[in-house]
Amino acid sequence: MRSMRFYPQAWPLRAAFVISRGSRSAASVVVVEIEQQGVCGVGECTPYPRYGESESSVLAQLEAIRPEIERGLSREELQQRMPAGAARNALDCALWDLACRRQERTLWQATGVQPPPQVTTAQTVSIDTPEAMARAALELSRRGATLLKIKLDDRLISERLVAIRDAAPEATLVVDANESWQAEGLAARCQLLADLRVAMLEQPLPAGNDRALANFIHPLPICADESCHTRDDLARLAGRYQMVNIKLDKTGGLTEALALAAQAAEQGFTLMLGCMLCTSRAVAAALPLAPAARFVDLDGPTWLAQDVEPGLDFACGVIRLGDA
């Protein structure tokens with residue numbers, strides 16, 4: 001017989017995290033613990049208002065399915081009993097963790113993925129003035145980051161990017177507009193990004209209003225984030241995007257994320273691996289996807305004033321795995 005408990009946590013950030021939709025000062029997560037015969041598995045999710053989620057809605061979903069989880073609902077059955085999203089993610093990852101601990105295996109062993117010594121992750125430069133963003137990029141580069149993710153809205157695009165490129169001439173840059181651009185002027189903006197050696201553009205147009213990307217000729221890859229949650233989305237992304245950003249809070253856990261990664265790769269999409277603002281608990285659950293990803297963006301815990309203990313071993317732009 002299992003027991004399950006769940007609770008919210010707020011983790012203050014070390015600085016404001018600003019994207020096109022607004023500013024955050026804390027990471028608000030929900031933690032799930034599932035215990036069976038003295039062994040406890042833990043999962044974490046970040047409810048995301050953009051997807052109609054809140055702390056209260058996720059807690060309500062967890063309470064509703066608690067009896068089935070405690071009666072022994074399997075991970076496979078969970079995929080059919082709950083929709084993709086944050087609540088299912090926390091449960092799915094807790095069940096993975098529980099199984100690994102009971103079998104005395106690592107998550108890498110359970111998923112059949114060979115862990116690398118370290119994972120290169122993007123470090124995010126959030127929206128600010130061009131001068132402040134350039135200073136942030138310079139500092140991150142000086143500390144060793146080689147991949148910078150630049151958050152943008154629809155203002156000061158050229159000014160911000162030129163300042164950042166001047167400050168970090170050797171860094172690989174990827175740009176995330178978080179649905180804030182429109183089709184008008186997109187071609188010129190893509191050319192600007194290419195001229196500044198930006199490696200990829202993430203979700204420039206609103207999900208559901210990205211038809212303009214169909215057969216759109218552009219000089220750099222475009223990645224679907226808000227437009228891609230599960231395998232069910234892949235068919236309509238073909239011809240619009242070349243990459244997909246996989247996040248466990250969107251897929252509803254590692255189980256669907258692994259399946260999405262495999263099917264997306266089979267269909268010719270390049271993979272990106274991302275996360276929400278979260279602790280190391282959430283990032284650790286996603287790490288088996290990292291070796292297959294062209295870009296990894298798992299710096300969420302580095303924005304926290306203090307991470308969960310024990311946390312992952314983050315350096316600037318790197319997650320050191322050691323003997324994972």
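**View 1. Arg75 is found in helix α2, which spans residues 75-81.** Helices here are DSSP runs of H or I with at least four residues, and strands are runs of E with at least two, both numbered from the N terminus. The model is a predicted one, in which local features need pLDDT of at least 70 and side-chain atom pairs count only at pLDDT 80 or more, while totals for chains, interfaces and linings use all residues. Residues are numbered from 1 along each chain as its sequence is written, and side-chain values use heavy atoms, with hydrogens and water left out. Arg75 counts as buried at 19% relative accessibility, where buried means under 20% relative accessible area, exposed over 50% and partly exposed in between, with a 1.4 Å probe and protein chains only. Leaving aside residues up to four places away in sequence, Arg75 touches Asp92, Leu95, Trp96 and Thr255, a contact being heavy atoms within 4.5 Å.

**View 2. Arg21 lies in the loop between β1 (2-19) and β2 (22-36).** Arg21 is partly exposed, with a relative accessible area of 36%, and, not counting residues up to four places away in sequence, it touches Tyr48, Arg50, Asn178, Glu179 and Glu226. The side chain of Arg21 makes a polar contact of 2.9 Å with the side chain of Glu226; a polar contact is a pair of N or O atoms within 3.5 Å, of which, within protein, one must be able to donate a hydrogen and the other to accept it, and residues adjacent in sequence count only if both atoms are side-chain atoms. A polar atom of the Arg21 side chain also lies 3.5 Å from the backbone oxygen of Asn178, and the C-alpha atoms of Arg21 and Asn178, 157 residues apart along the chain, are separated by 7.6 Å.

**View 3. Three strands form an open sheet in the order β4-β14-β13, with antiparallel pairing.** Because β4 (118-120) and β13 (313-315) stand at the edges with a single partner strand each, one side of each is left without a neighbour in the sheet. Strands count as paired if DSSP finds at least two bridges between them, and β4 pairs with β14 (residues 318-320) in the antiparallel sense over 3 bridges, with Thr120 standing opposite Val318 in β14.

**View 4. The whole structure contains 0 disulfides, a disulfide being a pair of cysteine sulfur atoms within 2.5 Å.** Cys45 is in no disulfide, and the nearest cysteine sulfur, that of Cys93, is 9.2 Å away; Cys45 counts as buried at 0% relative accessibility. Cys278 is likewise in no disulfide, with the nearest cysteine sulfur, that of Cys275, 4.1 Å away, and Cys278 is buried, with a relative accessible area of 2%.
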